[in-house]
Amino acid sequence: MIRVKGFIKEVGQTKEWTDGNGELRHSVNLVMAFPHMSKDGKEICDEMAGEMFLPKDKTAEGIKKACENHERCEIHLGFRLSDWKGKKIQNIRVYNITKLMM
């Protein structure tokens with residue numbers, strides 16, 4: 001798992017499903033931007049999309065507010081490579097989002 005500083009650019013629709021134990025689960029797809037300096041001194045942003053599983057008692061409202069307010073956050077990411085029908089697929093999972101104190 002890595003921690004990077006950036007912000008949430010887009011928040012997708014919350015998805016619901018029932019897991020193998022019969023418990024209701026929620027997740028949301030996020031587009032995140034990570035600003036950094038290029039070699040010539042200009043600020044540029046790298047973007048990536050990932051999925052975040054929401055705790056049972058939480059909704060995506062706090063994440064949506066952080067997105068709307070363009071708040072910088074520390075985002076904890078995990079990367080996994082899987083093989084699906086002979087194709088390599090990279091999955092990005094968002095484990096945690098922490099607002100930065102200014």
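Two strands pair if DSSP finds at least two bridges between them. Helices (H or I, at least four residues) and strands (E, at least two) are DSSP runs, numbered from the N terminus. On those terms, M52 has V94 in β5 as its bridge partner. This is a predicted model: local features need pLDDT of at least 70, side-chain atom pairs count only at pLDDT 80 or more, and totals for chains, interfaces and linings use all residues. Residues are numbered from 1 along each chain as its sequence is written, and side-chain values use heavy atoms, with hydrogens and water left out.

**Fold**
- The protein has one helix and five strands.
- Their order along the sequence is β-β-β-α-β-β.
- The C-alpha atoms fill a box of roughly 50 × 35 × 20 Å along the principal axes.

**Strand pairing**
- Strand β3 (residues 43–54) runs parallel to strand β5 (residues 87–99), with two bridges.
- Strand β4 (residues 73–84) pairs with β5 in the antiparallel sense over twelve bridges.
- G78 sits opposite R93 of β5.
- Two residues lie between the strands in the β4 and β5 hairpin, where K85 has a positive phi near 55 degrees.

**Burial and contacts**
- Of the 102 residues, 28% are buried (under 20% relative accessible area, 1.4 Å probe, protein chains only).
- Among contacts (heavy atoms within 4.5 Å) with a separation of 6 or more, 51% join residues 24 or more positions apart.

**Surface**

Technical notes. Buried means under 20% relative accessible area, exposed over 50%, partly exposed in between (1.4 Å probe, protein chains only).
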